[in-house]
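Here is a short briefing to read alongside the model.

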Amino acid sequence: MNLTKPTKYRGYTYWFTSFKGEYRGYIEAAPKMITPTDETFRTLIQAEVFLHEQIDLACGDPVGYVSTRGFTLIEVLVVIAMVGILSAIAAPSWLAFTNNQRLRAANGKVFSAINEAKSKAKTDKSTVIAEFRQNGDRAEYAIYKNPLGAIWQTLDDVTVSNSLVEIDFRGNTKDVPTTVTVTNGNQKRCTSVITLLGATRQLEGAECP
(Lines give C-alpha, C1' and ligand atoms only; values in the text may rest on other atoms or scores of the structure.)
Protein backbone atom coordinates (compact mmCIF):
# COMPACT_ATOMS: atom_id res chain seq x y z
CA MET A 1 0.00 0.00 0.00
CA ASN A 2 1.37 3.43 -1.00
CA LEU A 3 0.70 6.69 0.86
CA THR A 4 0.72 10.13 -0.79
CA LYS A 5 1.98 13.30 0.86
CA PRO A 6 -0.57 15.27 2.93
CA THR A 7 -2.15 18.22 1.08
CA LYS A 8 -4.04 21.21 2.55
CA TYR A 9 -7.29 22.54 1.13
CA ARG A 10 -9.49 25.17 2.86
CA GLY A 11 -8.02 24.38 6.29
CA TYR A 12 -8.31 20.63 5.94
CA THR A 13 -5.50 18.17 5.36
CA TYR A 14 -6.04 15.16 3.12
CA TRP A 15 -4.01 12.37 1.60
CA PHE A 16 -4.55 9.16 -0.32
CA THR A 17 -3.58 5.54 -0.16
CA SER A 18 -3.29 3.39 -3.25
CA PHE A 19 -3.61 -0.35 -3.40
CA LYS A 20 -3.86 -2.50 -6.52
CA GLY A 21 -4.62 0.51 -8.75
CA GLU A 22 -7.37 1.92 -6.52
CA TYR A 23 -7.26 5.11 -4.42
CA ARG A 24 -8.93 5.89 -1.12
CA GLY A 25 -8.99 9.36 0.39
CA TYR A 26 -8.54 10.44 4.01
CA ILE A 27 -9.51 13.82 5.49
CA GLU A 28 -8.07 15.11 8.76
CA ALA A 29 -10.21 17.55 10.72
CA ALA A 30 -9.75 19.11 14.14
CA PRO A 31 -9.36 17.70 16.66
CA LYS A 32 -7.39 15.04 14.79
CA MET A 33 -10.43 13.23 13.44
CA ILE A 34 -9.54 11.24 10.35
CA THR A 35 -12.39 10.27 8.01
CA PRO A 36 -11.74 7.82 5.17
CA THR A 37 -13.93 7.84 2.07
CA ASP A 38 -16.39 5.04 1.58
CA GLU A 39 -15.56 5.01 -2.11
CA THR A 40 -12.44 4.01 -3.96
CA PHE A 41 -11.34 5.59 -7.22
CA ARG A 42 -9.50 4.46 -10.30
CA THR A 43 -7.45 7.63 -10.65
CA LEU A 44 -5.90 10.08 -8.25
CA ILE A 45 -7.64 13.00 -9.99
CA GLN A 46 -11.09 11.46 -9.41
CA ALA A 47 -10.27 10.89 -5.74
CA GLU A 48 -9.02 14.45 -5.28
CA VAL A 49 -12.08 15.99 -6.95
CA PHE A 50 -14.31 13.99 -4.65
CA LEU A 51 -12.43 15.10 -1.52
CA HIS A 52 -12.60 18.74 -2.61
CA GLU A 53 -16.37 18.39 -2.97
CA GLN A 54 -16.64 16.91 0.52
CA ILE A 55 -14.55 19.71 2.01
CA ASP A 56 -16.63 22.33 0.16
CA LEU A 57 -19.74 20.82 1.72
CA ALA A 58 -18.15 20.83 5.16
CA CYS A 59 -17.32 24.54 4.69
CA GLY A 60 -20.94 25.30 3.84
CA ASP A 61 -20.11 25.95 0.20
CA PRO A 62 -21.78 23.22 -1.88
CA VAL A 63 -21.69 25.20 -5.16
CA GLY A 64 -18.87 23.21 -6.70
CA TYR A 65 -20.39 19.96 -5.51
CA VAL A 66 -23.81 20.69 -6.95
CA SER A 67 -22.38 21.80 -10.31
CA THR A 68 -20.77 18.40 -10.81
CA ARG A 69 -23.73 16.42 -9.55
CA GLY A 70 -26.49 17.90 -11.80
CA PHE A 71 -29.53 20.01 -10.93
CA THR A 72 -31.80 19.89 -7.93
CA LEU A 73 -35.55 19.44 -8.29
CA ILE A 74 -36.15 23.02 -7.13
CA GLU A 75 -33.78 24.38 -9.78
CA VAL A 76 -35.56 22.38 -12.49
CA LEU A 77 -38.99 23.59 -11.32
CA VAL A 78 -37.80 27.21 -11.24
CA VAL A 79 -36.48 26.94 -14.81
CA ILE A 80 -39.75 25.34 -16.00
CA ALA A 81 -41.76 28.11 -14.34
CA MET A 82 -39.60 30.81 -15.93
CA VAL A 83 -39.94 29.24 -19.37
CA GLY A 84 -43.72 29.07 -18.92
CA ILE A 85 -43.95 32.72 -17.88
CA LEU A 86 -41.76 33.92 -20.76
CA SER A 87 -43.73 31.81 -23.24
CA ALA A 88 -47.03 33.26 -21.99
CA ILE A 89 -45.66 36.78 -22.42
CA ALA A 90 -44.16 36.20 -25.86
CA ALA A 91 -46.91 34.05 -27.41
CA PRO A 92 -49.41 36.85 -28.22
CA SER A 93 -46.72 39.03 -29.80
CA TRP A 94 -45.39 36.13 -31.84
CA LEU A 95 -48.90 35.19 -33.01
CA ALA A 96 -49.59 38.77 -34.06
CA PHE A 97 -46.28 38.88 -35.93
CA THR A 98 -46.92 35.63 -37.85
CA ASN A 99 -50.48 36.70 -38.71
CA ASN A 100 -49.21 40.02 -40.02
CA GLN A 101 -46.53 38.32 -42.13
CA ARG A 102 -49.10 35.90 -43.57
CA LEU A 103 -51.43 38.81 -44.37
CA ARG A 104 -48.63 40.80 -45.99
CA ALA A 105 -47.68 37.82 -48.19
CA ALA A 106 -51.30 37.25 -49.29
CA ASN A 107 -51.79 40.91 -50.16
CA GLY A 108 -48.56 40.79 -52.13
CA LYS A 109 -49.97 37.93 -54.19
CA VAL A 110 -53.14 39.94 -54.88
CA PHE A 111 -51.08 42.90 -56.05
CA SER A 112 -48.93 40.66 -58.28
CA ALA A 113 -51.99 38.91 -59.76
CA ILE A 114 -53.57 42.21 -60.80
CA ASN A 115 -50.34 43.39 -62.42
CA GLU A 116 -49.92 40.04 -64.16
CA ALA A 117 -53.44 40.31 -65.57
CA LYS A 118 -52.68 43.84 -66.81
CA SER A 119 -49.49 42.69 -68.51
CA LYS A 120 -51.22 39.70 -70.09
CA ALA A 121 -54.08 41.86 -71.41
CA LYS A 122 -51.62 44.21 -73.16
CA THR A 123 -49.48 41.37 -74.53
CA ASP A 124 -52.40 39.29 -75.85
CA LYS A 125 -54.46 42.32 -76.94
CA SER A 126 -57.53 40.95 -75.17
CA THR A 127 -59.56 41.36 -72.01
CA VAL A 128 -58.13 39.53 -69.00
CA ILE A 129 -59.75 39.06 -65.61
CA ALA A 130 -58.14 38.66 -62.20
CA GLU A 131 -60.76 37.14 -59.88
CA PHE A 132 -60.58 36.55 -56.15
CA ARG A 133 -63.00 34.43 -54.15
CA GLN A 134 -63.54 32.70 -50.83
CA ASN A 135 -64.21 29.02 -51.53
CA GLY A 136 -65.27 27.63 -48.16
CA ASP A 137 -62.24 28.07 -45.91
CA ARG A 138 -59.90 28.56 -48.90
CA ALA A 139 -58.97 31.95 -50.30
CA GLU A 140 -58.35 31.59 -54.06
CA TYR A 141 -57.51 33.63 -57.13
CA ALA A 142 -57.31 33.03 -60.88
CA ILE A 143 -56.20 34.97 -63.95
CA TYR A 144 -58.12 34.11 -67.10
CA LYS A 145 -59.71 35.19 -70.37
CA ASN A 146 -62.48 32.61 -70.21
CA PRO A 147 -63.84 31.52 -66.79
CA LEU A 148 -64.16 27.95 -68.10
CA GLY A 149 -60.39 27.80 -68.37
CA ALA A 150 -59.66 29.41 -65.00
CA ILE A 151 -56.94 27.76 -62.93
CA TRP A 152 -57.54 28.62 -59.29
CA GLN A 153 -54.60 29.07 -56.96
CA THR A 154 -54.63 29.26 -53.17
CA LEU A 155 -53.70 32.37 -51.23
CA ASP A 156 -52.12 32.00 -47.82
CA ASP A 157 -54.23 31.12 -44.78
CA VAL A 158 -56.41 34.24 -44.98
CA THR A 159 -59.91 35.34 -45.96
CA VAL A 160 -60.37 37.27 -49.21
CA SER A 161 -63.24 39.42 -50.44
CA ASN A 162 -65.06 38.21 -53.56
CA SER A 163 -63.72 40.63 -56.17
CA LEU A 164 -63.24 40.78 -59.91
CA VAL A 165 -60.80 43.05 -61.72
CA GLU A 166 -61.45 43.26 -65.47
CA ILE A 167 -58.68 44.75 -67.63
CA ASP A 168 -59.02 45.50 -71.35
CA PHE A 169 -56.40 45.23 -74.07
CA ARG A 170 -55.14 48.76 -73.34
CA GLY A 171 -54.47 47.88 -69.71
CA ASN A 172 -57.46 49.93 -68.53
CA THR A 173 -59.68 48.74 -65.68
CA LYS A 174 -63.40 48.52 -66.30
CA ASP A 175 -64.77 49.45 -62.85
CA VAL A 176 -62.94 51.76 -60.46
CA PRO A 177 -62.29 51.85 -57.69
CA THR A 178 -62.07 48.08 -57.23
CA THR A 179 -60.64 46.81 -53.95
CA VAL A 180 -59.55 43.32 -52.97
CA THR A 181 -59.35 42.87 -49.18
CA VAL A 182 -57.59 40.07 -47.32
CA THR A 183 -58.16 39.57 -43.58
CA ASN A 184 -56.63 37.42 -40.87
CA GLY A 185 -58.31 37.67 -37.48
CA ASN A 186 -58.78 41.35 -36.72
CA GLN A 187 -56.07 42.45 -39.16
CA LYS A 188 -56.63 43.35 -42.79
CA ARG A 189 -54.82 44.61 -45.86
CA CYS A 190 -56.04 45.41 -49.33
CA THR A 191 -55.06 46.23 -52.89
CA SER A 192 -57.14 48.91 -54.57
CA VAL A 193 -57.32 49.73 -58.30
CA ILE A 194 -57.96 53.48 -58.16
CA THR A 195 -57.83 54.71 -61.78
CA LEU A 196 -59.11 53.58 -65.16
CA LEU A 197 -55.50 53.27 -66.27
CA GLY A 198 -55.02 50.52 -63.68
CA ALA A 199 -53.02 52.35 -61.02
CA THR A 200 -53.03 50.31 -57.80
CA ARG A 201 -52.35 51.01 -54.16
CA GLN A 202 -51.70 48.68 -51.22
CA LEU A 203 -53.46 49.74 -48.03
CA GLU A 204 -53.94 48.35 -44.54
CA GLY A 205 -56.12 48.60 -41.45
CA ALA A 206 -58.78 51.31 -41.43
CA GLU A 207 -57.90 52.32 -45.01
CA CYS A 208 -59.42 49.05 -46.26
CA PRO A 209 -63.20 48.53 -46.61
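Which element gives the largest share of the lining of the largest pocket? That element is helix H1, with five residues. The model is predicted, so please keep in mind that local features need pLDDT of at least 70 and side-chain atom pairs count only at pLDDT 80 or more, while totals for chains, interfaces and linings use all residues. Residues are numbered from 1 along each chain as its sequence is written, and side-chain values use heavy atoms, with hydrogens and water left out.

**The largest pocket**

- The largest pocket holds about 220 Å³ of space; a volume here is the space filled by probe spheres set on grid points that are joined across faces, edges and corners.
- A pocket is an open set of points on a 1 Å grid over the protein atoms alone, where a 1.4 Å probe fits, with protein on both sides within 12 Å along at least five of seven lines; lining residues have an atom within 4 Å of a point.
- The lining counts 14 residues, and Ile27, Thr35, Pro36, Leu51 and Gln54 lie nearest the centre.
- Two or more lining residues come from each of strand S4 (22-29), strand S5 (33-36) and helix H1 (44-58); helices (H or I, at least four residues) and strands (E, at least two) are DSSP runs numbered from the N terminus.
- Sorted by class, the lining has nine nonpolar, three polar and two charged residues. Ala, Val, Leu, Ile, Met, Phe, Trp, Tyr, Cys and Pro count as nonpolar, Asp, Glu, Lys and Arg as charged, and the others, Gly among them, as polar.

**The sheet S8-S7-S6-S10**

- This open sheet of four strands has antiparallel pairing in the order S8-S7-S6-S10, where two strands pair if DSSP finds at least two bridges between them.
- Strand S8 (153-154) and strand S10 (163-167) stand at the edges with a single partner strand each, so one side of each has no neighbour in the sheet.
- Helix H3 (residues 73-124) packs on this sheet, touching strand S6 (128-135), S7, S8 and S10, and the direction of H3 makes about 150° with that of S6. Touching means contact, with heavy atoms within 4.5 Å; the angles run from 0 to 180 degrees between N-to-C directions, and axes are lines fitted to C-alpha atoms, for helices over the stretch in contact.
- Seven bridges join S6 to S7, and Asn135 has Arg138 in S7 as its bridge partner.
- The hairpin of S6 and S7 has two residues between the strands, and Gly136 there takes a positive phi near 70°.
- S6 and S10 run antiparallel over five bridges, with Phe132 partnered by Ser163 in S10.
- Strand S7 (residues 138-144) pairs with S8 over two bridges, and Glu140 stands opposite Thr154 in S8.

**The sheet S9-S11-S12-S13**

- A further open sheet has four strands in the order S9-S11-S12-S13, with antiparallel pairing.
- Its edge strands are strand S9 (159-160) and S13, each pairing on one side only.
- Strand S11 (residues 178-184) and S12 are joined by seven bridges, and Thr178 stands opposite Val193 in S12.
- H3 packs on this sheet as well, touching S11, S12 and S13, with its direction at about 15° to that of S12.

**The disulfide**

- The structure holds one disulfide, defined as a pair of cysteine sulfur atoms within 2.5 Å.
- Cys190 is joined to Cys208, with S to S at 2.3 Å.
- Cys190 lies in strand S12 (residues 187-193) and Cys208 in the segment after strand S13 (200-204), so the pair ties together parts that are 18 residues apart in sequence.
- The link of Cys190 and Cys208 is left-handed, with -90° about the S-S bond.
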